[in-house]
Amino acid sequence: MSETPRLPAAVEVSALVRQVNTQGGFATVIAKGEADAGTILLLLCENGQDQRVYERMPMADGSRGWHCAKRLDSEDPQSFHDWLERRRQQDRDLWIVELDIPAAERFIGLSV
């Protein structure tokens, strides 16, 4: 099975930011990674609430799909921010992009 060519990370991030901003949301790059092959983590929220992080993970069919990797625990919000910082320290090529808009999952092809 041949893998679908991947967009450069910088192009994908730019497109996501433009789409969210065009739809009236707020999108920003928190951490800039490697322009071509960097991994992308998306911090999704609505008005700063219900923060969750999505990343692409390998699927059973060999493709890569978006998966919710972490949710903010309101009882321990610092652990969420610590987790993000550890991920950034582990992978200097990592992009962290915040998409603050209702039903943000729609921008990565997931239904809410």
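Modeller: With 112 residues, a compact globule would have a radius of gyration near 13 Å, and the chain has 14 Å, which agrees; the radius is taken over C-alpha atoms, and the globule rule is 2.2 Å times the number of residues to the power 0.38. Along its principal axes, the C-alpha trace spans about 45 × 30 × 25 Å.

Biologist: What kind of model is this, and how are its residues numbered?

Modeller: This is a predicted model, in which local features need pLDDT of at least 70 and side-chain atom pairs count only at pLDDT 80 or more, while totals for chains, interfaces and linings use all residues. Residues are numbered from 1 along each chain as its sequence is written, and side-chain values use heavy atoms, with hydrogens and water left out.

Biologist: What is the confidence of the chain?

Modeller: On pLDDT, the predictor's confidence in each residue from 0 to 100, the chain averages 93, and 96% of the residues score at least 70.

Biologist: How much of the chain counts as buried?

Modeller: Buried means under 20% relative accessible area, exposed over 50%, and partly exposed in between, with a 1.4 Å probe and protein chains only; by that criterion, 37% of the 112 residues count as buried.
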